[in-house]
Amino acid sequence: MSVATPVELTVVVPIYNEPDNITQTIETLAQNIPVPYEILAVYDFDADTTLPVLRRLQREHPRLRLVKNEVARGPSGALRAGFAEAGAPLVLVTMADLCDDLTQVPLLMQLSKAGADIVAPSRYCPGGQQQLKESLKVKAPRTAGWLIHAIAGLPTRDPTNSFKLYSAAMLRDMRLRSTVSFSVTLEIVAKAHCLGYHIVEVPTVWRDRQHGKTNFKLWRSLVAYFPWLCVALLRGRFVRLPAL
C-alpha cells in the first residue's frame with residue numbers, strides 16, 4: 001500500500017507498555033483490513049516500552065504513526081487524541097493486548113457502509129463470549145450493559161467495550177469530555193443513542209490478554225461511567241427528552 005493512497009480506515013490503538021503484544025497486534029490488523037488504512041498508536045509518555053518496537057515496525061508498515069496523547073493521560077485521552085488525528089471516514093478502536101477479534105474487521109466495515117454510525121461488537125449479546133474467569137470485573141460491565149439495554153433501550157448490551165467502529169463524521173459532531181479510564185467509549189455510545197445515530201450490535205468473542213497485566217481499575221471506571229449512564233437514560237424506554 002502506497003503512503004499516497006487515500007485511507008478508508010483509521011485504526012486507533014492506545015498503548016501502555018505493550019512490547020510483547022504490539023507486533024502481533026499490528027500484523028493481525030494488516031492481515032484483516034481489506035482497504036487502505038492507517039494505524040495510529042497513541043502513547044502517554046516517551047519512556048513507554050512499546051515505542052522502540054513500534055519504531056521498528058514502521059519500516060514494514062509505513063502507515064503506522066505514533067501520536068503522543070496531549071489530551072489527558074489514560075485511555076480516554078488517548079482515544080480522543082487519536083480521533084483528532086484520524087484521516088479516514090471510518091475509525092476503528094482496538095486495544096494492543098490481542099483481546100479483540102480482529103478477523104471481524106471486514107464485517108464491521110460492511111455494516112458501517114450499509115448505514116451504521118457505530119458498529120458495536122458485544123461480548124454479552126446472544127452469540128457473544130468473554131473468555132475470562134468469573135469475577136467482579138466480568139460481572140459488573142455485563143450487568144450494567146444489560147440494565148442500560150433494558151431501561152434505556154440502548155441498542156448494544158456491551159456499551160463499555162472499546163472495540164468499536166465509528167463514523168468519523170459522527171465523532172466530529174460530538175464534543176467529547178471524558179478523561180478517566182475508558183469512559184469515552186460509553187460517552188460516545190450514550191450521546192449517539194440520544195442523538196438518534198444508528199448503532200448496530202454484533203456478537204464477538206473477547207479473549208484474555210496473552211502477555212502482561214491489565215491496568216483497568218474497576219471502581220474508578222464505574223465512577224467515570226456514571227454520568228454517561230445517566231445520559232443514556234435520557235432516551236430511555238420510559239422517559240425520552242428531545243435530542244437537544
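Author: A salt bridge is a side-chain nitrogen of Lys or Arg within 4 Å of a carboxyl oxygen of Asp or Glu. The model discussed here is predicted.

Reader: What lets such side chains pair at all?

Author: Side chains of opposite charge can pair when their charged atoms come close. In this structure, Arg65 and Glu38 form a salt bridge, with the closest N and O atoms 3.5 Å apart. The pair joins distant parts of the chain: Arg65 sits in strand β3 (residues 64-68) and Glu38 in strand β2 (residues 37-43), 27 residues apart.

Reader: Is Glu38 buried or exposed?

Author: Buried means under 20% relative accessible area, and exposed means over 50%. Glu38 has a relative accessible area of 7%, so Glu38 is buried. Arg65, at 31%, is partly exposed.

Reader: Which residues are linked with Arg65 in a network of salt bridges?

Author: Glu38 and Glu85 are linked with Arg65 in that network.

Reader: How many salt bridges does a search of the whole structure find?

Author: The search finds 7. One of them joins Lys113 to Glu8, where the closest N and O atoms are 3.6 Å apart. This pair also links distant parts of the chain, with Lys113 in helix α4 (residues 105-113) and Glu8 in the segment before β1 (9-14), 105 residues apart.

Reader: Why does Lys113 count as exposed?

Author: Lys113 counts as exposed because its relative accessibility is 56%. Glu8 has 32% relative accessibility and therefore counts as partly exposed.

Reader: Where in the chain are Glu201 and Arg157?

Author: Glu201 is in strand β8 (residues 199-203), while Arg157 is in the loop between α5 (136-152) and β7 (164-167). They are 44 residues apart, and the pair links distant parts of the chain. Their side chains meet in a salt bridge, at 2.4 Å from N to O. Glu201 is buried, with a relative accessible area of 18%, and Arg157 is buried too, at 16%.

Reader: How many helices and strands are in the protein chain?

Author: The protein chain has 8 helices and 9 strands. Of its 244 residues, 56% are buried. Contacts give another view of the chain: among those between residues at least 6 apart in sequence, 80% join residues at least 24 apart.

Terms used:
Residues numbered from 1 in each chain as written. Predicted model: local features only at pLDDT ≥ 70, side-chain atom pairs only at ≥ 80, totals over all residues. Heavy atoms only, no water. Helix = DSSP H or I, 4+ residues; strand = E, 2+ residues; numbered from the N terminus. Buried < 20%, exposed > 50% of the residue type's maximum accessible area, 1.4 Å probe, protein only. Contact = heavy atoms within 4.5 Å.
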